[in-house]
Amino acid sequence: QAQKNKDIKIEKSSDLKDIEKFQGLEQATVNRHHFIPFSFDYLKNEFLTFSSDNQVMLFLGKYRDELVSGGIFVFWQGIGFYHHGASSLKYPKAPVSYLMLWEAIREAKNRGCKKFNFWGIAPIDSKFKIQNSKFKQHPWYGLTLFKMGFGGYKKEYVKTQDFPLSKKYWLNYIVERLRKTKRGL
């Protein structure tokens, strides 16, 4: 349906200057979901690193020429990764984010990718748990439903593990545990 809507346009960009547009949209997402974003310098450096080999692309979704959705996608070793995403709630009925993600999947396919990694969903064991009220309280509930709407399957990897090199590590560990608890994760 989004492809038929003449008010929705998706732009692809490899231009570093467009990261500023994405970051402005990301701030709206941060304000809505209360998470700690990556810094602008981090996004810029990441984009520069991957763009040297044409492995990154920014997608910007517009509704009536107004930016309402954005995503940074990495294409590496036959896999497309949904690396960063941002959106506005100004036009909640317009399926801009769906078309943006669909265009990124198509780009991955055009680049010869065999897999597409949506990069994280809420912990669920089965489709039945989606109806569970505890799952609906998870901060990633809406994001998970959005990603699951494209089909595919859940695949879990070994979680990142820390290897403490000094006693200072434990201060960081405590701070990260508190942040995780505060975010409800």
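Modeller: Tyr 169 is buried, at a relative accessible area of 16%. Buried means under 20% relative accessible area, exposed means over 50%, and partly exposed lies in between (1.4 Å probe, protein chains only). Trp 170 is partly exposed, with 46% relative accessibility.

A word on the source. This is a predicted model: local features need pLDDT of at least 70, side-chain atom pairs count only at pLDDT 80 or more, and totals for chains, interfaces and linings use all residues. Residues are numbered from 1 along each chain as its sequence is written, and side-chain values use heavy atoms, with hydrogens and water left out.

Now the pairs. The structure holds ten aromatic pairs. Rings of Phe, Tyr and Trp (its six-membered ring) pair if their centres lie within 6.5 Å; planes under 30 degrees apart count as stacked, over 60 as edge-to-face and the rest as tilted. One of the pairs joins Phe 73 and Phe 116: the ring centres are 6.2 Å apart and the planes stand at 40°, so this pair is tilted. Phe 73 belongs to strand S3 (residues 66-76) and Phe 116 to strand S5 (residues 115-117), so the pair ties together parts 43 residues apart in sequence. Phe 73 and Phe 116 are both buried. Tyr 169 and Trp 170 make an edge-to-face pair, with 4.8 Å from centre to centre and 80° between the planes.

Phe 73 and Phe 116 also belong to one aromatic cluster, together with Phe 59, Tyr 82 and Phe 118.

Next, the setting. The protein has six helices and five strands. Helices (H or I, at least four residues) and strands (E, at least two) are DSSP runs, numbered from the N terminus. Along the sequence, the pattern reads β-α-α-β-β-β-α-β-α-α-α.

Asp 18 gives another local view. This residue sits in the loop between strand S1 (8-13) and helix H1 (19-33). Asp 18 counts as buried, at 14% relative accessibility. Leaving aside residues up to four places away in sequence, Asp 18 touches Ser 13, Leu 58 and Leu 60. Contact here means heavy atoms within 4.5 Å.

Last, the whole protein. Of its 185 residues, 31% count as buried. Among contacts between residues at least 6 apart in sequence, 64% join residues at least 24 apart. The accessible surface comes to about 12900 Å², and 54% of that belongs to carbon and sulfur atoms. These areas come from the Shrake-Rupley method with a 1.4 Å probe; for residues, only the protein chains shown count as cover.
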